Amino acid sequence: MDPEVESLVIRLKDHARNLYETRQLLCSEAVLVALNQGLSGGLTEDQAVTMAAPFCVAMGDSGCLCGALSGAVLAAGLFMGNDRPYSHRKEMRESGLTLHNAFRAAHGATCCRVLSKSVRHDKKAHFNQCAEFTANAAEMAARLILENRPDLARAAAGQPLPVHHGKIGGLLKKLFKRLS
């Protein structure tokens with residue numbers, strides 16, 4: 001992969017992780033927001049959060065599909081079909097399967113209940129595991145998207161991602177969003 005594209009993928013991965021680790025967003029929200037912002041997906045942050053929120057915490061606490069994977073699939077759909085969605089539906093379905101299979105190969109499962117079974121009773125370990133899944137899902141989706149849409153890498157080159165926050169800064173940003 002081109003070094004500039006590789007750098008972009010790592011920046012997107014780190015941005016998604018930061019959004020999660022600073023508690024600004026949950027897993028699926030962090031993945032979709034990071035990729036939407038970094039690749040100019042056209043959604044406002046509010047729209048991206050609204051779309052991804054139902055998939056957080058394994059589809060609304062159901063324990064089923066990992067939210068990070070859900071966010072990755074949403075982002076892939078946004079970018080794979082953005083220009084002509086009705087003409088690209090097959091490719092969008094294939095991108096969902098590709099991400100599903102890659103995530104399962106990397107982590108052993110796609111079901112949140114299964115993924116979190118060993119850390120369920122340790123909040124810190126569970127949080128850290130989810131942060132890692134969020135980062136990895138963003139990376140997987142970014143690679144897939146940029147492989148299929150190299151034009152997005154050229155458009156994103158040199159554009160800065162939003163500032164990474166520390167935990168206090170992230171919590172303050174989250175608080176101010178809720179108050180506004």
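How much space lies in the largest pocket? In this predicted model, the largest pocket holds about 460 Å³ of space.

**Largest pocket**

- The lining of the largest pocket is formed by 23 residues, and those closest to the pocket centre are Tyr20, Val57, Cys112, His126 and Cys130.
- Two or more lining residues come from each of helix H4 (56-61), helix H5 (67-80), helix H7 (112-115) and helix H8 (123-148), and of the elements it is H8 that gives the most to the lining, with seven residues.
- Sorted by class, the lining of the largest pocket comprises twelve nonpolar, six polar and five charged residues.

**Packing of H2 and H5**

- The handedness of the crossing between H2 and H5 is right-handed.
- On the H2 side, the contact is made by Cys27, Ser28, Val31, Leu32, Leu35 and Asn36, while on the H5 side it is made by Gly67, Ala68, Gly71, Ala72, Leu74, Ala75, Leu78 and Phe79.
- The residues in the contact of H2 with H5 divide into ten nonpolar and four polar, with no charged residue among them, whereas the lining of the largest pocket does include charged residues, five in number.

Note on methods: Residues are numbered from 1 along each chain as its sequence is written. This is a predicted model: local features need pLDDT of at least 70, side-chain atom pairs count only at pLDDT 80 or more; totals for chains, interfaces and linings use all residues. Side-chain values use heavy atoms; hydrogens and water are left out. On a 1 Å grid over the protein atoms alone, a cavity is a set of points where a 1.4 Å probe fits but cannot get out, and a pocket is an open set with protein on both sides within 12 Å along at least five of seven lines; lining residues have an atom within 4 Å of a point. Grid points are joined across faces, edges and corners, and a volume is the space filled by probe spheres set on the points. Helices (H or I, at least four residues) and strands (E, at least two) are DSSP runs, numbered from the N terminus. Ala, Val, Leu, Ile, Met, Phe, Trp, Tyr, Cys and Pro count as nonpolar, Asp, Glu, Lys and Arg as charged, and the others, Gly among them, as polar. A crossing is left-handed if the near helix is turned anticlockwise from the far one by less than a right angle, and right-handed if clockwise. Contact means heavy atoms within 4.5 Å.
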